[in-house]
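Biologist: I've got the model open and want to go through it piece by piece. Can you start with how the helices pack?

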Amino acid sequence: MNFLDLIWLIPLFPAAGFVINGLFGKRMPKTMVGVIACGLVFISFIFSAGAVYQLLQLDSAHRSHTVRLYEWINAGPAHTSEGPLANFRVDWGFLLDPLSSVMILVVTGIGFLIHIYSTGYMHEEDGYYRFFAYLNLFMFSMLTLVLGNNYVMMFVGWEGVGLCSYLLIGYYFHKKSAGDAAKKAFVVNRVGDWGFSIGIMMIFVTFGTIDFIQVGEKVREGVMAGAFHVGDPLFIGIALALFVGAAGKSAQIPLYVWLPDAMEGPTPVSALIHAATMVTAGVYMVARSNFIYQMAPQAMTVVAVIGAVTAFFAASIGLVQNDIKRVLAYSTVSQLGYMFLALGVGAFAAGIFHLMTHAFFKALLFLGSGSVIHAMHHEQDMRKMGALKNKIPVTFWTMFVGTLAIAGTPFLAGFFSKDEILWKAFSSNQGHVLLWLLGAAVAGMTAFYMFRLIFMTFFGQSRVDHHTEHHIHESPRSMTVPLIILAIGSVVAGYVGFPAWLGGNNAFEKFLDPVFEPLPIPHGPEAEYSHLAEAGMAAASVAIALIGFGLAYSKYCKRSWEEQREIGQYGSLYPVFLNKYYVDEGYDFLFVNQAKDAGTGLWKFDAVVVDGAVNGSAWTTVEGALGSGWWDRWVVDGIVKFIGGFIRTMSWPLRLIQTGYVQNYALVMILGLLIFIGYVLWGTS
């Protein structure tokens, strides 16, 4: 079977699951709903694995396969910035290359495990079929996003995952907080989508096409012909517009505020959409547009700085959060910042490498937190946990592995990708020592808040409610088996990018080289460092992470958690971290309340001015009609009736004669004749 020619089926299988469960799921048993949803995603994974395997058989220079199904949009000719006309034509086509290969394996592989987990986690929930229909729709949209061969196809998937995010965050629609979080995510993402759409329009106007491969070729040809130059304002504008979209979808400053609130959705949603796949769409989009960013080093600096600052900012908030899912949410924002730091310093392969490893351990941590919540009867506050290690051992050990991985423990998945990013932040021409310092500080903070989560949840004295404590139990196998598989992935996934300084060959980076091929533009001299220097920097970051672990151990493991002691150790910074730097309050003041006030003002304008004009017009019409009626009744009708009465009065004598009866006329004639005869007879005498 030629899987390469069948890549268009990969997103189609989950779409079929959405249609079947959406239309008929309510009348089907839950087991059948789960089998359909999980089975079709698994088939997508099989087709994805088969297509990637066949792609690997090709020569590295030819690892790109496009399938065009049909012409989707043909809007006719349009002017480009250089003057000539270009036909705005969009194919419904799919592209499989090394970059999309990584993405489809992550989306379908981890997506399948999360679907399996969901069959256990969501089994007692109402709307079970609706949940899986939405989840399958998300898989279709995400796979369309990463497999589309042009920016409009990517945008279709982009909007689709945004819709699914809204639907799944608001899954518990009877909860006001869930509805508010869904609306917040939807509105904030619309800001980013505006930037993305502007970027797409600028790409077409500049290059006359929106096909990824064609745009890349036109950039390369323009550079070689001298038509394009590094740092052209046009490239900077396109890159920044695209990054606005990426910042919205991937929760970077200033558009990160929706992601922590998205934890109102079911935990499998948090794992699949808001940790492993959808939130990495912005990273994928920037990496896919690397030929644009290579031409705009100023924009790359913005990407790197925003990524590093976001990573530090979110990590500092995560230090004191008490909701187990919110700690992981801010961790996700922070790790996404790491990925953008990598992209901003030109380490595109390192950013995608961390995207892949992060998908394993962050999905594991979110699903593990869901297992804890399941055992605790939906309790998410870590202050009400403790001493759970022996009660839910599988959950503990798998989460412990995930924590070691995200903390950058040597020879686990997170270590290889995080170290690659920090090294590039230091050694790259686009890098800077300050970026490395921020990244290293984040490594220490990550180790601290993640082990704080582990120690508060599984160690120390039990703070569990007495009634709940007697019902704590390990999750069913449908939930624990995915945890075990993800834990294994969190250990071994990094070895595909085993670094050269440890004797490896950076196979993952070499696999992605055809996608991230440097443009023929002048580059500054690369500083040369020995493998020993890279090993030293890696050791420094590990040492910083160990400090974070040591602080967490001394404060939360050796001594049981106490709220007052924790407040005291941060001093005046505690309420700042706990309240997320009051950014939400600031946004409420600057934007939300202003929008509400503007809405209220428009409502008042509508009520007073518009409705006043309408009601005034209606009153004038009514009063005018009444006046017109009075005039018609008393003046016009009065004159008419007066004339009629006058004529009727004056015609009364005639009406006495003109009765209309023949006998009356005959009588009058006879009387007249008699009078005439009498007058003649008597008059002559």
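**Helix packing, cavities and loops**

Modeller: Helix H3 (residues 98-121) and H4 cross at roughly 175°, and their axes come within 10 Å. Axes are lines fitted to C-alpha atoms, for helices over the stretch in contact, with angles from 0 to 180 degrees between N-to-C directions. H3 and H4 are therefore roughly antiparallel to each other (over 145 degrees; under 35 is roughly parallel, 65 to 115 roughly perpendicular, the rest oblique). The helices are DSSP runs (H or I, at least four residues; strands are E, at least two), numbered from the N terminus.

Biologist: Before we go on, where do the numbers come from?

Modeller: This is a predicted model, where local features need pLDDT of at least 70 and side-chain atom pairs count only at pLDDT 80 or more, while totals for chains, interfaces and linings use all residues. Residues are numbered from 1 along each chain as its sequence is written, and side-chain values use heavy atoms, with hydrogens and water left out.

Biologist: Fine. Which residues of H3 and H4 make the contact?

Modeller: On the H3 side they include Met-103, Ile-104, Val-107, Gly-111 and His-115. H4 brings, among others, Phe-131, Phe-132, Leu-135, Met-139 and Met-142. Contact means heavy atoms within 4.5 Å. By class, the H3 contact with H4 has 12 nonpolar, 7 polar and no charged residues (nonpolar: Ala, Val, Leu, Ile, Met, Phe, Trp, Tyr, Cys and Pro; charged: Asp, Glu, Lys and Arg; polar: the others, Gly among them).

Biologist: At what angle do H4 and H10 pack?

Modeller: About 5°, with the axes of H4 (residues 128-147) and H10 (residues 267-276) 12 Å apart. That makes H4 roughly parallel to H10. Phe-131, Leu-135, Phe-138 and Met-139 of H4 meet Pro-268, Val-269, Leu-272 and Ile-273 of H10. The H4 contact with H10 has 8 nonpolar, no polar and no charged residues.

Biologist: And how far apart are the axes of H8 and H13?

Modeller: They are 8 Å apart, and H8 (residues 233-249) packs on H13 (residues 297-318) at an angle of about 25°. That makes H8 roughly parallel to H13. In H8, Ile-236, Ala-239, Leu-240 and Phe-243 meet Gln-298, Ala-299, Val-302, Val-303 and Ile-306 in H13. This H8 contact with H13 divides into 8 nonpolar, 1 polar and no charged residues.

Biologist: Is H11 mostly covered or exposed?

Modeller: Mostly covered: in H11 (residues 281-288), 8 of its 8 residues are buried. Arg-288 is one of the buried residues, as are Tyr-284 and Met-285. Buried means under 20% relative accessible area, exposed over 50%, partly exposed in between (1.4 Å probe, protein chains only).

Biologist: Which residues line the largest cavity?

Modeller: Among them are Ala-349, Phe-353, Glu-420, Asn-506 and Phe-508. Helix H15 (348-375) and helix H21 (507-512) are the elements that give two or more residues to that lining. The lining has 5 nonpolar, 2 polar and 2 charged residues.

Biologist: How much space lies in the largest pocket?

Modeller: About 1,000 Å³. It is lined by 35 residues, of which Val-345, Gly-346, Lys-424, Ser-428 and Glu-526 are the closest to its centre. H17 gives the largest share of the lining, 4 residues.

Biologist: Where is Ala-387 found?

Modeller: In the loop between H15 and H16. The phi of Ala-387 is also positive, near 60°, and Ala-387 is partly exposed at 27% relative accessible area.

Conventions
On a 1 Å grid over the protein atoms alone, a cavity is a set of points where a 1.4 Å probe fits but cannot get out, and a pocket is an open set with protein on both sides within 12 Å along at least five of seven lines; lining residues have an atom within 4 Å of a point. Grid points are joined across faces, edges and corners, and a volume is the space filled by probe spheres set on the points.
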